[in-house]
Each structure stands twice: as structure tokens, then as C-alpha cells.
Amino acid sequence: MTMKNALKKYWPLYLLTIVIAYVLRYFSKITDSDAITWMLTPTVWWVSHLCGIPFEYIPQEGYLSRPLFEYFPKQGGAGCMYRFLVAPSCAGIRFLMILFVMLVFSFLHRIEKRKSGCLWFGFCCAASYFATILVNGVRIIASIYLPLLFGKLGITNGLLQGNSLHTLTGTVVYFSSLCLLYLLASSVCRKLSAVSGTKQIPVAERVSVAEQSSSAKRVSVTEQSSSAEQVSVTENTPASSHSPFVPAFWYLLTVLVLPFCKRILTNEWENFGSYTLMVLGTCIIIITLLCAMSRLRRRHTG
């Protein structure tokens, strides 16, 4: 299906996607945790069950962990009790927005039947929410333990501490997960497109063909129909379905391009250059690794 036809058929869903994206963008900027417990509470529950860390809720602030570890820097000094706050900025709502928009705009136009398209839209809503909880939980656990690990190793400056480590951890977890989820979604969409594109032949026509055709002709028709269906499914599955450049487009558009446009208007450039270099460098490394793995897999299967 061409994009023009997709817009005619699914324009209400595309419009609803844009509205939901703006609503999620609004929630991603909220600093009151009471307004986003629908995202924080299941995420903290998931983190607590993964690593066994208990959290307590502080109204309007977020979830604060109980004292975790008392560690002493290698170079001396007093120890400290380490506690972690899952604040509204840690809810992962921006990742939820990126994932939802990517799933809708990257795959909905590939589905022919309107009913299947509506089912896909519902799948995008549910899958984006639950996948964000799973992915963000992993990111939070990494953000809890990595500073402790590097502190015990005596690494107290550079890219592996403070805001730099937070940005690096978030980029690695979020972008790599976005690429993986795009790959899984392309497989689901391909199967849905194949099922929705299958046509049922009326019984009367099948009986007529069976009476008028010999067994050899029926085999020939079946082979031709099978090959035609295979070609149709192949055409509906472009090579870009497994490309990391599609999730890279949506991720960098939201994380770098739109904030860059905003900073042009506000003229606020503090730390944006180093942030941009870190995010771009991390994404390039992940894309290179994924492309290398894909090439090795094709060579092995070929």
C-alpha cells in the first residue's frame, strides 16, 4: 500500500497518534510524581522484583530506595549510604512516546485491511506501555549499580561518573532496546500482513475448478498461487524492516533534532555539544555492531 492510500485509510489513527504523542510529551515534562504514578508505580514494582530493593513513595517526589550499600572510596574518606530516587524524569515517558510513534508510523501503512490496522494500533498502545516498563526497569537498575561499581573501582571522573554516566547508560539501554523492539515488531507486522492478505476462494468456485481441472492442473495452479503469495508477502516486507536506521531516525529526531530546534529559539547551548557528541557516538557504535552482526548472520545462513 502506498503512503497516500494509507493516509486516506488510516488518517484517524495517524491523527490520534499525533495527539497521544503530544499528551505523552506533556507528561514527560511534569515534575510532580503524583500525576504520573501510572508509569512510575509499575516501573518501580518491576525494579524491586528484579533486584530486591524496597522503595517507599514520597508524595510529589517519586520513589526513594531504602539505604543500599555503605562503600568507602579507595583513596580514603568517610563512607556514605547510597539511596536512589526514581523521580518523574526517570519514568521513561519520552521513550514510550518514541516507541509508540515509531511502531505506528513505520508499520501501519503496510497493513491492507482496516480491521487489521486497528488491531495493530491497539497492539502498539499496549506493547509500547509494557515494553517501556521492562526497558526502563533495566535502565534504572543499571543506573543504581554502575555508580557503585565504578566507585569501588576508584573511577571518580570522566565519562563513567555523574551526568555523563547517566546519559551513556540511558542511550545504550534505550536505543539498543528500540532497535530490538523494531525488529520484533517487523516480524509481527509481517505475519499480520500475510494473514490479512490471504484471500478465501468461494466454495462454488473451488468445486467448479475441481470438476473442470485435472489433478495436474490443480497442482500447477496451487504452485502458482503459492509463489504469488510468497512474492506478495516479500513485497510487503521491505529490506528496511531489519535496519537499525529506522529506529535511529525516530530516536535522534526526538532526543537531538527537536531539542536543537528549541535551543535555536531559546539560545541555550550549555552542555548541549558534549551531550550531542555522546549520544551520536553511542548510537553510531550500536548501529555499527548491529550491522556487523546482521552481515555475519547473513553469511552464516547463506
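**Figure 1. Three strands form an open sheet in the order β1-β2-β5, with antiparallel pairing.** The model shown here and in the following views is predicted. Strands of a sheet pair through backbone hydrogen bonds, and such pairing is either parallel or antiparallel. At the edges of this sheet lie β1, spanning 55-58, and β5, spanning 85-86, each of which pairs on one side only.

**Figure 2. Strands β2 and β5 run antiparallel.** Strand β2 comprises residues 62-65 and is joined to β5 by two bridges. Opposite L64 stands L85, a residue of β5.

**Figure 3. Helix α2 packs on the sheet.** This helix covers residues 37-51 and touches β1, β2 and β5. The direction of α2 makes about 165° with that of β1.

**Figure 4. Helices α2 and α4 pack against each other at an angle of about 55°.** Helix α4 consists of residues 114-152, and its axis lies 9 Å from that of α2. Angles from 35 to 65 degrees fall between roughly parallel and roughly perpendicular and count as oblique; α2 and α4 are therefore oblique to each other. Their crossing is right-handed.

**Figure 5. Residues of α2 meet residues of α4.** On the α2 side, the contact is formed by W38, M39, P42, T43, W46, V47, L50 and C51. Their partners in α4 include Y129, I133, L134, V138, I141 and Y145. Also among the α4 residues in the contact are T132, N136 and G137. Counted by type, the residues of the contact of α2 with α4 comprise 15 nonpolar, four polar and no charged.

Notes
Residues numbered from 1 in each chain as written. Predicted model: local features only at pLDDT ≥ 70, side-chain atom pairs only at ≥ 80, totals over all residues. Heavy atoms only, no water. Pairing = 2+ DSSP bridges. Helix = DSSP H or I, 4+ residues; strand = E, 2+ residues; numbered from the N terminus. Contact = heavy atoms within 4.5 Å. Axes fitted to C-alpha atoms, helices over the stretch in contact; angles between N-to-C directions. Parallel < 35°, antiparallel > 145°, perpendicular 65-115°, else oblique. Left-handed = near helix turned anticlockwise from the far one by under 90°. Nonpolar A, V, L, I, M, F, W, Y, C, P; charged D, E, K, R; others polar.
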